[in-house]
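Me: I would like to learn how to read strand pairs and aromatic pairs. Can you take me through them step by step?

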Amino acid sequence: FQNELLWETGGEDARLISGLSVETETLRFRDRKDFTTSSLFLQGVLKDGSFTFKGGVRGDKHSRYGHFLASSAGVSHDSAAGTFTFQYGRGFKAPS
């Protein structure tokens, strides 16, 4: 079960996206266990000519494994030959 709330502001050249997410997982093995992951995230996008820059941060709180902070960054360049993109990111997924 997952709920997500998104908010976006800005225009074509600059956008800010934020949100809140809550996910509940149920594990059934010998006995029933429920786990919840709550997340808060923020992403920014900035266009400058043929370049697009993106950056983001996300905080997760898992009911069993604690707090985690993930980040991402990227840049892309559009040209007649195509689009070149470089991205870096970290994430969290609870063991199952």
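Reply: We take the strands and then the rings. This is a predicted model, where local features need pLDDT of at least 70, side-chain atom pairs count only at pLDDT 80 or more, and totals for chains, interfaces and linings use all residues. Residues are numbered from 1 along each chain as its sequence is written, and side-chain values use heavy atoms, with hydrogens and water left out.

Me: In which sense do β1 and β2 pair?

Reply: Strands are DSSP runs of E, at least two residues, numbered from the N terminus. Two of them pair if DSSP finds at least two bridges between them. Here β1 (residues 2–10) and β2 (residues 14–29) pair in the antiparallel sense over 9 bridges. A hairpin of 3 residues joins β1 to β2. T9 stands opposite L16 in β2.

Me: How many aromatic pairs does a search of the whole structure find?

Reply: Rings of Phe, Tyr and Trp (its six-membered ring) pair if their centres lie within 6.5 Å; planes under 30 degrees apart count as stacked, over 60 as edge-to-face and the rest as tilted. The search finds 2 pairs. F51 and F53 are stacked, 6.2 Å centre to centre, with 15° between the planes. F68 and F92 are stacked, 3.9 Å centre to centre, with 15° between the planes. F68 lies in strand β5 (residues 66–79) and F92 in the segment after β6 (82–89), so this pair ties together parts 24 residues apart in sequence.

Key: Helices (H or I, at least four residues) and strands (E, at least two) are DSSP runs, numbered from the N terminus.
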